[in-house]
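Dear colleague,

Please find the structure below, followed by a summary of what was found in it.

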Amino acid sequence: MASSSPIPKTMKGVLIGKTGGTEVLQYRTDLPTPTPKEGEVLVKNEFIGINYIDTYFRTGLYPSPKPEILGKEASGHILSLGPSVEGFKEGDRVVWMGSSGYAEYTAAPAAKTIKIPQEIPSADAGAAILQGLTALTLVEEAYKVQKGDWILVTAASGGVGGWLCQILKAKGARTIATVGSEGKVAVAKESGAEVVVVEGPDVVEQKVKECTDGNGVAAVFDGVGKRTFDRSLEVLARKGSLVSYGNASGAVAPLAISRLGAKNAKVVRPTLFNYIATRDEFESYTAELWKLMTENKFTIRIHETYPLKDIARAHDDLEGRKTMGKLLLTP
């Protein structure tokens with residue numbers, strides 16, 4: 001699918017000029033189309049991933065320069081190559097991770113762009129790359145999960161949570177999953193959770209004690225943040241690991257390190273890009289992800305594919321906990 005027509009000078013996209021609520025998301029049709037620089041490829045985006053981290057940059061929880069085009073990933077086709085880029089050609093079907101994804105076209109970093117295998121649909125690749133790699137690196141490096149481990153996963157019906165449940169089941173771990181409502185229980189079970197708990201006062205603590213004979217879990221993968229952090233620390237087993245990878249309920253308060261001594265616990269606050277900093281790491285983990293999707297037949301749960309102009313509704317749905325699985329955009 002090489003470019004057979006001139007690349008337009010302007011494009012559709014979503015720009016934010018300041019931090020705030022969804023009202024700052026400006027859908028535009030006159031944004032300048034980027035030109036790929038050294039080490040970049042110009043991609044015509046087909047399916048754009050929405051991630052909770054996008055809301056952090058929108059609200060200012062994570063500071064970033066403005067004006068800004070949000071969006072950390074997309075799948076599509078390469079239209080042109082920047083200087084000195086090798087290993088790609090015009091027309092390649094690819095998925096990338098970087099920035100400025102909420103747009104028709106993105107000048108994506110070639111170092112974090114990879115070809116999509118023929119047997120994987122573009123929508124699935126766009127839905128999987130960031131959240132799938134996040135979950136995969138968490139269970140391999142943040143805490144190396146072992147067969148038979150009891151693991152607690154918060155927000156298990158969400159994007160990363162669903163991936164974690166599937167990967168943990170494939171590794172032979174035993175997963176206790178939390179969800180926000182009864183309507184999300186079936187999704188977590190379908191993803192591989194052995195036990196599913198609807199969030200409520202003390203119910204998660206009680207279920208962990210029941211399942212582990214009072215010993216606690218080997219690890220908690222917590223993407224909720226402020227609201228669940230203390231509980232996650234409490235339900236750990238001796239020498240357990242709390243992997244805090246998200247802030248859906250707000251940023252975690254500063255931690256007094258002496259609290260870890262009660263159980264010789266570990267707390268990790270990882271980010272995906274520090275696990276895939278090199279091209280070899282990126283390629284290795286992506287190959288493993290493609291294998292899980294094709295050979296293990298992992299479910300790619302897409303909540304909805306929104307038109308780009310409906311970005312505000314998509315953010316409202318995500319922050320309102322109305323979603324189960326991945327949210328995508330189409331230009």
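**Aromatic residues and a helix contact**

One aromatic cluster is formed by Tyr 52, Tyr 56, Phe 57 and Tyr 62. This is a predicted model, in which local features need pLDDT of at least 70 and side-chain atom pairs count only at pLDDT 80 or more, while totals for chains, interfaces and linings use all residues. Residues are numbered from 1 along each chain as its sequence is written, and side-chain values use heavy atoms, with hydrogens and water left out.

Phe 57 is buried, at 13% relative accessible area, whereas Tyr 62 is partly exposed, at 23% (buried is under 20%, exposed over 50% and partly exposed in between, with a 1.4 Å probe and protein chains only).

Helix α2 (residues 122-142) and helix α7 (residues 279-294) have axes that come within 9 Å and cross at roughly 110° (axes are lines fitted to C-alpha atoms over the stretch in contact, with angles from 0 to 180 degrees between N-to-C directions; helices are DSSP runs of H or I, at least four residues). α2 is therefore roughly perpendicular to α7 (65 to 115 degrees). Residues in the contact (heavy atoms within 4.5 Å) include Leu 133 of α2 and Phe 282 of α7.

The charged end of Lys 112 sits over the ring of Phe 282, 5.6 Å from its centre (NZ within 6 Å of the ring centre and within 35 degrees of the ring normal).

Methods:
Helices (H or I, at least four residues) and strands (E, at least two) are DSSP runs, numbered from the N terminus. Angles under 35 degrees count as roughly parallel, over 145 as roughly antiparallel, 65 to 115 as roughly perpendicular and the rest as oblique. Rings of Phe, Tyr and Trp (its six-membered ring) pair if their centres lie within 6.5 Å; planes under 30 degrees apart count as stacked, over 60 as edge-to-face and the rest as tilted.
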